[in-house]
Amino acid sequence: MDKANVKNFIAARVAKELHDGDIVNLGIGLPTLVPHFLDPSVHIILQSENGFVGLKPAEEGNENPHIVNSGGTPAGIAHDGAFFGSDTSFAIIRGGHVDATVLGALQVDEKGNIANWIIPGKMVPGMGGAMDLVVGAKKVIVAMEHTNKGKPKILKECTLPLTAKGQVNLIITEMGVMEVTPDGIVLKEYNPEFTLDQIQDATEATLIIADDIKPMI
Amino acid sequence: MAKKQHITAQQAADLVKDGMTVMVGGFMANGTPEAIIDEIVKNRVKNLTIICNDAGWGRKKNKTTGEYEGNSFGVGKLIENHQVKKIIASHVGLNPELGEQYTSGVTELELVPQGTLAERIRCGGSGLGGFYTPTGVGTAIAEGKEVKVINGKEYLLELPLHADIALIGGHIVDKSGNTRYIGSERNFNPVMAMAADTVVVFGEKIVEAGEIGPDYVETPGIFVDYIVGGEA
(Lines give C-alpha, C1' and ligand atoms only; values in the text may rest on other atoms or scores of the structure.)
Protein backbone atom coordinates (compact mmCIF):
# COMPACT_ATOMS: atom_id res chain seq x y z
CA MET A 1 0.00 0.00 0.00
CA ASP A 2 1.26 3.50 -0.73
CA LYS A 3 0.89 6.25 1.87
CA ALA A 4 -2.51 7.53 0.70
CA ASN A 5 -3.90 3.98 0.57
CA VAL A 6 -2.59 3.29 4.08
CA LYS A 7 -4.40 6.34 5.41
CA ASN A 8 -7.64 5.46 3.66
CA PHE A 9 -7.38 1.85 4.84
CA ILE A 10 -6.98 2.94 8.46
CA ALA A 11 -9.76 5.54 8.20
CA ALA A 12 -12.14 2.97 6.68
CA ARG A 13 -11.54 0.61 9.61
CA VAL A 14 -12.00 3.42 12.17
CA ALA A 15 -15.36 4.24 10.55
CA LYS A 16 -16.67 0.83 11.62
CA GLU A 17 -16.14 1.76 15.28
CA LEU A 18 -18.60 4.64 15.10
CA HIS A 19 -22.31 4.24 15.69
CA ASP A 20 -25.37 6.08 14.48
CA GLY A 21 -25.92 9.17 16.64
CA ASP A 22 -22.41 9.22 18.13
CA ILE A 23 -20.90 12.59 18.99
CA VAL A 24 -17.36 12.43 17.65
CA ASN A 25 -14.33 14.69 17.69
CA LEU A 26 -11.77 14.09 14.95
CA GLY A 27 -8.16 15.20 15.21
CA ILE A 28 -6.36 16.80 12.28
CA GLY A 29 -4.88 14.74 9.43
CA LEU A 30 -5.85 11.09 8.96
CA PRO A 31 -8.90 11.19 11.31
CA THR A 32 -10.63 13.75 9.06
CA LEU A 33 -10.87 11.03 6.37
CA VAL A 34 -13.10 8.84 8.57
CA PRO A 35 -16.50 10.36 7.61
CA HIS A 36 -15.92 9.36 3.94
CA PHE A 37 -16.08 5.71 4.96
CA LEU A 38 -19.16 5.67 7.18
CA ASP A 39 -21.96 3.30 6.27
CA PRO A 40 -24.82 5.39 4.79
CA SER A 41 -27.04 4.28 7.68
CA VAL A 42 -24.59 5.76 10.24
CA HIS A 43 -24.96 9.47 10.93
CA ILE A 44 -22.52 10.91 13.42
CA ILE A 45 -22.43 14.39 14.91
CA LEU A 46 -19.02 16.00 14.65
CA GLN A 47 -17.87 18.24 17.46
CA SER A 48 -15.38 21.00 16.65
CA GLU A 49 -13.60 22.01 19.85
CA ASN A 50 -13.40 25.69 18.89
CA GLY A 51 -17.12 25.81 19.59
CA PHE A 52 -19.80 23.90 17.70
CA VAL A 53 -21.49 20.62 16.95
CA GLY A 54 -22.61 19.71 13.45
CA LEU A 55 -19.27 20.34 11.75
CA LYS A 56 -19.42 20.01 7.95
CA PRO A 57 -16.98 20.85 5.18
CA ALA A 58 -17.11 24.45 3.97
CA GLU A 59 -19.28 25.12 0.94
CA GLU A 60 -16.70 25.45 -1.80
CA GLY A 61 -16.77 28.85 -3.48
CA ASN A 62 -19.24 30.09 -0.87
CA GLU A 63 -17.22 29.88 2.36
CA ASN A 64 -18.71 31.55 5.41
CA PRO A 65 -15.95 33.78 6.86
CA HIS A 66 -17.44 33.38 10.35
CA ILE A 67 -16.99 29.62 10.57
CA VAL A 68 -13.68 27.78 10.92
CA ASN A 69 -12.80 24.29 12.13
CA SER A 70 -10.34 23.57 14.93
CA GLY A 71 -7.48 23.86 12.45
CA GLY A 72 -8.55 27.44 11.73
CA THR A 73 -9.61 26.76 8.14
CA PRO A 74 -13.07 27.39 6.61
CA ALA A 75 -15.83 25.00 7.70
CA GLY A 76 -19.60 24.63 7.63
CA ILE A 77 -22.31 23.65 10.07
CA ALA A 78 -25.35 21.37 9.81
CA HIS A 79 -28.77 23.07 9.73
CA ASP A 80 -29.48 21.64 13.19
CA GLY A 81 -25.99 22.25 14.59
CA ALA A 82 -25.18 24.67 17.39
CA PHE A 83 -22.44 27.18 18.21
CA PHE A 84 -21.14 27.82 21.72
CA GLY A 85 -18.14 29.27 23.54
CA SER A 86 -14.93 27.44 24.46
CA ASP A 87 -16.06 26.94 28.08
CA THR A 88 -19.16 25.02 26.95
CA SER A 89 -17.15 23.21 24.28
CA PHE A 90 -14.81 21.78 26.89
CA ALA A 91 -17.61 21.09 29.34
CA ILE A 92 -18.94 18.87 26.54
CA ILE A 93 -15.52 17.27 26.12
CA ARG A 94 -14.50 16.75 29.76
CA GLY A 95 -18.06 16.09 30.87
CA GLY A 96 -18.29 12.80 28.99
CA HIS A 97 -20.68 14.06 26.29
CA VAL A 98 -18.35 13.08 23.44
CA ASP A 99 -18.72 9.39 22.54
CA ALA A 100 -15.44 9.01 20.71
CA THR A 101 -12.36 10.92 19.73
CA VAL A 102 -10.10 9.78 16.91
CA LEU A 103 -6.59 11.16 16.88
CA GLY A 104 -3.06 10.46 15.74
CA ALA A 105 -0.11 9.84 18.03
CA LEU A 106 3.67 10.00 18.08
CA GLN A 107 3.76 7.14 20.62
CA VAL A 108 1.30 4.91 22.46
CA ASP A 109 2.18 2.32 25.10
CA GLU A 110 0.78 -0.84 26.66
CA LYS A 111 -0.63 1.10 29.63
CA GLY A 112 -2.75 3.21 27.30
CA ASN A 113 -0.50 6.24 27.68
CA ILE A 114 -0.33 8.54 24.67
CA ALA A 115 2.24 11.12 23.55
CA ASN A 116 1.28 13.40 20.70
CA TRP A 117 1.93 17.01 21.61
CA ILE A 118 5.61 17.77 21.89
CA ILE A 119 9.06 16.59 20.78
CA PRO A 120 11.38 18.34 23.25
CA GLY A 121 13.95 20.52 21.53
CA LYS A 122 12.19 20.17 18.20
CA MET A 123 8.51 20.88 17.96
CA VAL A 124 6.55 23.16 20.29
CA PRO A 125 3.11 23.43 18.72
CA GLY A 126 1.21 23.04 22.00
CA MET A 127 -1.46 20.55 23.00
CA GLY A 128 -4.49 22.54 21.89
CA GLY A 129 -7.52 20.55 22.99
CA ALA A 130 -5.88 17.12 22.83
CA MET A 131 -5.23 16.70 26.57
CA ASP A 132 -8.86 17.45 27.39
CA LEU A 133 -10.17 15.24 24.58
CA VAL A 134 -8.28 12.09 25.50
CA VAL A 135 -9.25 12.48 29.14
CA GLY A 136 -12.89 13.31 28.51
CA ALA A 137 -14.07 11.29 25.49
CA LYS A 138 -15.78 8.01 26.34
CA LYS A 139 -13.71 6.15 23.76
CA VAL A 140 -10.24 7.16 22.61
CA ILE A 141 -9.25 5.71 19.24
CA VAL A 142 -5.69 6.23 18.06
CA ALA A 143 -5.52 6.06 14.26
CA MET A 144 -2.00 6.09 12.94
CA GLU A 145 0.61 4.34 10.84
CA HIS A 146 2.01 1.40 12.76
CA THR A 147 5.61 2.65 12.69
CA ASN A 148 7.46 5.88 12.05
CA LYS A 149 9.65 4.98 9.04
CA GLY A 150 10.07 1.47 10.45
CA LYS A 151 10.59 2.60 14.07
CA PRO A 152 7.93 1.24 16.46
CA LYS A 153 5.39 3.75 17.80
CA ILE A 154 3.55 1.21 19.95
CA LEU A 155 5.91 0.87 22.89
CA LYS A 156 6.27 -0.74 26.29
CA GLU A 157 6.52 2.75 27.70
CA CYS A 158 6.28 6.14 25.97
CA THR A 159 9.55 8.08 25.98
CA LEU A 160 8.09 11.43 24.84
CA PRO A 161 6.17 13.71 27.24
CA LEU A 162 2.65 12.34 27.71
CA THR A 163 -0.58 13.88 26.51
CA ALA A 164 -2.49 11.70 28.99
CA LYS A 165 -2.01 8.71 31.22
CA GLY A 166 -3.90 5.46 30.60
CA GLN A 167 -6.63 6.86 28.37
CA VAL A 168 -6.27 5.02 25.04
CA ASN A 169 -8.87 2.32 24.33
CA LEU A 170 -8.21 1.26 20.77
CA ILE A 171 -5.28 1.53 18.33
CA ILE A 172 -5.97 1.12 14.62
CA THR A 173 -3.07 0.93 12.15
CA GLU A 174 -2.50 -0.50 8.68
CA MET A 175 -1.32 -3.71 10.42
CA GLY A 176 -4.15 -4.36 12.83
CA VAL A 177 -6.71 -3.40 15.44
CA MET A 178 -5.44 -3.43 19.00
CA GLU A 179 -7.31 -3.00 22.26
CA VAL A 180 -5.61 -1.67 25.37
CA THR A 181 -6.56 -3.89 28.34
CA PRO A 182 -5.32 -4.12 31.94
CA ASP A 183 -3.21 -7.12 30.80
CA GLY A 184 -1.61 -5.28 27.88
CA ILE A 185 -2.31 -4.72 24.19
CA VAL A 186 -4.53 -7.34 22.59
CA LEU A 187 -4.30 -7.80 18.80
CA LYS A 188 -7.93 -8.42 17.82
CA GLU A 189 -7.71 -8.06 14.06
CA TYR A 190 -4.79 -8.24 11.66
CA ASN A 191 -4.21 -7.16 8.09
CA PRO A 192 -3.66 -10.41 6.10
CA GLU A 193 -0.96 -8.61 4.08
CA PHE A 194 1.25 -9.13 7.15
CA THR A 195 2.08 -12.17 9.26
CA LEU A 196 1.58 -12.02 13.01
CA ASP A 197 5.36 -12.16 13.39
CA GLN A 198 5.77 -9.14 11.13
CA ILE A 199 3.24 -7.23 13.20
CA GLN A 200 4.98 -8.13 16.46
CA ASP A 201 8.36 -7.18 14.96
CA ALA A 202 7.00 -3.71 14.16
CA THR A 203 5.72 -3.33 17.74
CA GLU A 204 7.88 -2.83 20.83
CA ALA A 205 5.12 -3.78 23.26
CA THR A 206 4.38 -7.51 23.50
CA LEU A 207 1.12 -8.17 21.69
CA ILE A 208 -1.40 -10.56 23.22
CA ILE A 209 -3.04 -12.42 20.34
CA ALA A 210 -6.81 -12.58 20.82
CA ASP A 211 -8.29 -16.11 20.88
CA ASP A 212 -10.81 -15.04 18.26
CA ILE A 213 -8.40 -12.97 16.13
CA LYS A 214 -9.73 -12.27 12.66
CA PRO A 215 -8.69 -10.48 9.48
CA MET A 216 -9.28 -6.71 9.36
CA ILE A 217 -11.53 -6.79 6.31
CA MET B 1 -29.04 50.57 31.25
CA ALA B 2 -26.07 52.88 30.90
CA LYS B 3 -24.90 53.71 27.42
CA LYS B 4 -21.31 52.70 26.77
CA GLN B 5 -18.67 54.98 25.34
CA HIS B 6 -18.33 54.40 21.61
CA ILE B 7 -14.66 54.92 20.74
CA THR B 8 -12.42 54.44 17.73
CA ALA B 9 -10.10 51.45 17.30
CA GLN B 10 -7.21 53.87 17.84
CA GLN B 11 -8.67 55.09 21.14
CA ALA B 12 -9.17 51.46 22.17
CA ALA B 13 -5.52 50.71 21.37
CA ASP B 14 -4.48 53.69 23.54
CA LEU B 15 -5.99 51.88 26.54
CA VAL B 16 -3.31 49.19 26.16
CA LYS B 17 -0.13 50.27 27.96
CA ASP B 18 3.38 48.84 28.21
CA GLY B 19 3.56 45.71 30.37
CA MET B 20 -0.19 45.07 30.50
CA THR B 21 -1.82 41.65 30.49
CA VAL B 22 -4.19 41.54 27.52
CA MET B 23 -6.81 38.91 26.73
CA VAL B 24 -7.54 38.65 23.03
CA GLY B 25 -10.61 36.74 21.89
CA GLY B 26 -10.58 34.54 18.81
CA PHE B 27 -9.41 31.14 17.62
CA MET B 28 -6.72 31.21 14.94
CA ALA B 29 -7.84 34.83 14.49
CA ASN B 30 -11.49 33.80 13.88
CA GLY B 31 -13.35 36.20 16.19
CA THR B 32 -10.33 38.42 16.92
CA PRO B 33 -10.97 42.19 16.69
CA GLU B 34 -8.31 42.82 14.04
CA ALA B 35 -9.05 46.56 13.77
CA ILE B 36 -7.93 47.08 17.39
CA ILE B 37 -4.88 44.81 16.98
CA ASP B 38 -3.80 46.87 13.94
CA GLU B 39 -3.84 50.06 16.05
CA ILE B 40 -1.85 48.39 18.87
CA VAL B 41 0.74 47.48 16.26
CA LYS B 42 0.98 51.18 15.29
CA ASN B 43 1.29 52.24 18.96
CA ARG B 44 4.31 49.98 19.45
CA VAL B 45 3.57 49.35 23.15
CA LYS B 46 5.95 46.73 24.54
CA ASN B 47 6.25 43.87 27.02
CA LEU B 48 2.66 42.73 26.73
CA THR B 49 1.49 39.47 28.27
CA ILE B 50 -1.03 38.03 25.83
CA ILE B 51 -3.67 35.51 26.87
CA CYS B 52 -5.20 33.98 23.75
CA ASN B 53 -6.11 30.50 22.55
CA ASP B 54 -3.21 30.58 20.10
CA ALA B 55 -0.53 32.79 18.58
CA GLY B 56 -2.68 33.67 15.57
CA TRP B 57 -1.34 33.01 12.10
CA GLY B 58 2.29 33.88 11.68
CA ARG B 59 4.19 34.82 8.54
CA LYS B 60 5.73 31.94 6.64
CA LYS B 61 9.47 31.47 6.41
CA ASN B 62 10.86 31.26 2.89
CA LYS B 63 13.08 28.17 2.96
CA THR B 64 15.45 29.54 0.32
CA THR B 65 16.00 33.08 1.60
CA GLY B 66 15.32 32.44 5.31
CA GLU B 67 13.18 35.59 5.31
CA TYR B 68 9.65 35.77 6.68
CA GLU B 69 7.04 36.75 4.12
CA GLY B 70 3.30 37.15 3.74
CA ASN B 71 0.97 38.45 6.43
CA SER B 72 0.26 37.51 10.01
CA PHE B 73 -3.20 37.60 11.55
CA GLY B 74 -4.63 38.07 15.03
CA VAL B 75 -2.07 38.27 17.83
CA GLY B 76 0.49 37.05 15.27
CA LYS B 77 0.79 40.74 14.26
CA LEU B 78 1.90 41.69 17.79
CA ILE B 79 4.42 38.85 17.86
CA GLU B 80 5.81 39.85 14.46
CA ASN B 81 6.20 43.40 15.81
CA HIS B 82 8.06 42.18 18.96
CA GLN B 83 5.48 43.62 21.35
CA VAL B 84 4.88 40.42 23.32
CA LYS B 85 6.94 39.46 26.38
CA LYS B 86 4.90 36.40 27.25
CA ILE B 87 2.06 34.47 25.69
CA ILE B 88 -0.31 32.13 27.51
CA ALA B 89 -1.97 29.88 24.89
CA SER B 90 -2.97 26.32 24.08
CA HIS B 91 -1.48 26.08 20.59
CA VAL B 92 1.15 28.11 18.76
CA GLY B 93 1.92 25.79 15.84
CA LEU B 94 0.67 28.19 13.17
CA ASN B 95 3.18 30.84 14.12
CA PRO B 96 6.77 29.83 13.24
CA GLU B 97 8.04 33.27 14.20
CA LEU B 98 6.85 32.76 17.78
CA GLY B 99 8.55 29.35 17.79
CA GLU B 100 11.81 31.12 16.92
CA GLN B 101 11.30 33.91 19.49
CA TYR B 102 10.57 31.28 22.14
CA THR B 103 13.58 29.10 21.26
CA SER B 104 15.91 32.12 21.33
CA GLY B 105 14.50 33.19 24.73
CA VAL B 106 12.97 36.48 23.53
CA THR B 107 9.37 35.50 24.28
CA GLU B 108 8.07 33.40 27.17
CA LEU B 109 5.46 30.79 26.41
CA GLU B 110 3.05 29.13 28.84
CA LEU B 111 1.15 26.31 27.16
CA VAL B 112 -2.19 25.48 28.76
CA PRO B 113 -4.62 22.76 27.62
CA GLN B 114 -7.42 24.48 25.73
CA GLY B 115 -10.22 23.44 28.08
CA THR B 116 -8.15 24.40 31.09
CA LEU B 117 -7.40 27.79 29.53
CA ALA B 118 -11.10 28.50 28.94
CA GLU B 119 -12.00 27.44 32.46
CA ARG B 120 -9.18 29.40 34.11
CA ILE B 121 -10.47 32.52 32.34
CA ARG B 122 -14.06 31.68 33.30
CA CYS B 123 -12.95 31.33 36.94
CA GLY B 124 -11.13 34.66 36.71
CA GLY B 125 -14.34 36.38 35.75
CA SER B 126 -16.58 34.39 38.07
CA GLY B 127 -15.03 35.00 41.48
CA LEU B 128 -13.76 31.44 41.81
CA GLY B 129 -10.40 30.53 43.34
CA GLY B 130 -9.73 27.76 40.83
CA PHE B 131 -11.02 24.33 39.86
CA TYR B 132 -10.03 20.68 39.75
CA THR B 133 -9.67 19.08 36.32
CA PRO B 134 -8.66 15.59 35.21
CA THR B 135 -6.90 17.12 32.19
CA GLY B 136 -3.11 16.89 32.41
CA VAL B 137 -2.90 14.39 35.28
CA GLY B 138 0.33 12.38 34.91
CA THR B 139 1.79 14.80 32.33
CA ALA B 140 4.28 17.67 32.41
CA ILE B 141 1.32 20.02 32.93
CA ALA B 142 0.86 18.57 36.43
CA GLU B 143 4.31 19.65 37.65
CA GLY B 144 4.04 21.76 40.79
CA LYS B 145 0.27 21.50 40.95
CA GLU B 146 -1.86 20.11 43.75
CA VAL B 147 -3.37 16.71 42.92
CA LYS B 148 -6.61 15.84 44.67
CA VAL B 149 -8.43 12.51 44.60
CA ILE B 150 -12.19 13.01 44.33
CA ASN B 151 -14.40 9.92 44.22
CA GLY B 152 -11.36 7.81 43.44
CA LYS B 153 -10.19 9.88 40.48
CA GLU B 154 -7.20 12.24 40.30
CA TYR B 155 -7.64 15.92 39.49
CA LEU B 156 -5.26 18.90 39.18
CA LEU B 157 -5.86 22.24 40.80
CA GLU B 158 -5.83 25.00 38.18
CA LEU B 159 -5.92 28.68 39.12
CA PRO B 160 -7.86 31.59 37.63
CA LEU B 161 -6.59 34.00 35.00
CA HIS B 162 -7.41 37.70 34.96
CA ALA B 163 -6.29 40.51 32.67
CA ASP B 164 -5.91 44.28 32.68
CA ILE B 165 -7.86 44.53 29.45
CA ALA B 166 -9.82 42.17 27.18
CA LEU B 167 -10.33 42.76 23.45
CA ILE B 168 -13.50 41.05 22.31
CA GLY B 169 -14.67 40.32 18.76
CA GLY B 170 -18.46 40.63 18.62
CA HIS B 171 -20.88 40.68 15.71
CA ILE B 172 -23.83 42.85 16.74
CA VAL B 173 -23.33 45.14 19.71
CA ASP B 174 -25.97 47.50 21.07
CA LYS B 175 -25.15 50.89 22.58
CA SER B 176 -25.52 49.44 26.09
CA GLY B 177 -22.75 46.96 25.27
CA ASN B 178 -25.01 43.92 24.89
CA THR B 179 -23.27 41.61 22.48
CA ARG B 180 -24.10 38.84 20.05
CA TYR B 181 -21.52 36.72 18.30
CA ILE B 182 -21.66 34.91 14.98
CA GLY B 183 -20.53 31.47 13.83
CA SER B 184 -17.52 29.95 15.54
CA GLU B 185 -16.37 33.45 16.58
CA ARG B 186 -17.71 32.93 20.11
CA ASN B 187 -14.82 30.68 21.21
CA PHE B 188 -12.96 32.54 24.00
CA ASN B 189 -14.79 35.86 23.60
CA PRO B 190 -17.67 35.39 26.12
CA VAL B 191 -15.42 34.17 28.97
CA MET B 192 -12.78 36.83 28.33
CA ALA B 193 -15.47 39.54 28.43
CA MET B 194 -15.95 38.63 32.11
CA ALA B 195 -12.31 38.38 33.16
CA ALA B 196 -10.62 41.77 32.67
CA ASP B 197 -10.61 45.14 34.45
CA THR B 198 -11.41 46.91 31.19
CA VAL B 199 -13.42 45.27 28.41
CA VAL B 200 -13.55 46.57 24.84
CA VAL B 201 -15.98 44.98 22.39
CA PHE B 202 -15.67 45.36 18.66
CA GLY B 203 -18.97 45.12 16.81
CA GLU B 204 -19.23 44.63 13.07
CA LYS B 205 -22.59 46.29 13.53
CA ILE B 206 -23.55 48.75 16.30
CA VAL B 207 -27.28 49.06 16.96
CA GLU B 208 -29.49 51.14 19.27
CA ALA B 209 -29.72 50.09 22.93
CA GLY B 210 -32.23 47.27 23.30
CA GLU B 211 -32.34 46.43 19.62
CA ILE B 212 -30.80 42.99 20.13
CA GLY B 213 -33.47 42.18 22.70
CA PRO B 214 -32.87 40.71 26.17
CA ASP B 215 -33.69 37.17 25.00
CA TYR B 216 -30.88 37.19 22.44
CA VAL B 217 -28.03 38.86 24.31
CA GLU B 218 -25.02 36.56 24.74
CA THR B 219 -22.61 38.83 26.62
CA PRO B 220 -24.57 41.20 28.87
CA GLY B 221 -23.53 44.84 28.42
CA ILE B 222 -22.69 45.19 32.13
CA PHE B 223 -19.39 43.41 31.40
CA VAL B 224 -18.51 45.90 28.66
CA ASP B 225 -16.73 49.25 29.14
CA TYR B 226 -16.15 50.45 25.59
CA ILE B 227 -17.62 49.77 22.15
CA VAL B 228 -15.65 49.97 18.91
CA GLY B 229 -16.76 49.50 15.33
CA GLY B 230 -19.93 49.92 13.33
CA GLU B 231 -20.34 53.10 11.32
CA ALA B 232 -18.54 55.42 13.76
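Reader: What makes strand β5 (residues 100–103) of chain A and β8(A) a pair in this predicted model?

Author: In this predicted model, strand β5 (residues 100–103) of chain A is joined to β8(A) by four bridges, and the two run parallel. Two strands pair if DSSP finds at least two bridges between them, so the word applies here. Within this pairing, A:Thr101 has A:Val140 of β8(A) as its bridge partner.

Reader: How do you know that β8(A) pairs with strand β12 (residues 170–172) of chain A?

Author: Three bridges link β8(A) with β12(A) in the parallel sense, and the definition asks for at least two. One of the positions to look at is A:Ala143, which stands opposite A:Ile172 in β12(A).

Reader: Why is strand β8 (residues 139–143) of chain A called largely enclosed?

Author: Buried means under 20% relative accessible area, and four of the five residues of β8(A) are buried, so the strand is largely enclosed by the rest of the structure.

Reader: What makes β1 and β7 of chain B edge strands?

Author: In chain B, eight strands form an open sheet with parallel pairing, in the order β1-β16-β14-β11-β2-β3-β6-β7. Because β1 (5–7) and β7 (108–111) each have a single partner strand, one side of each is left without a neighbour in the sheet. From one strand to the next, the twist averages 20°.

Reader: How do you know that strand β3 (residues 48–51) of chain B and strand β6 (residues 84–89) of chain B pair?

Author: Four bridges connect β3(B) and β6(B) in the parallel sense, where at least two are required; B:Ile50, for its part, has B:Ile87 in β6(B) as its bridge partner.

Technical notes:
Residues are numbered from 1 along each chain as its sequence is written. Chains are lettered from A and ligands numbered from 1 in the order in which they are written. This is a predicted model: local features need pLDDT of at least 70, side-chain atom pairs count only at pLDDT 80 or more; totals for chains, interfaces and linings use all residues. Side-chain values use heavy atoms; hydrogens and water are left out. Buried means under 20% relative accessible area, exposed over 50%, partly exposed in between (1.4 Å probe, protein chains only). Axes are lines fitted to C-alpha atoms, for helices over the stretch in contact, and angles run from 0 to 180 degrees between N-to-C directions.
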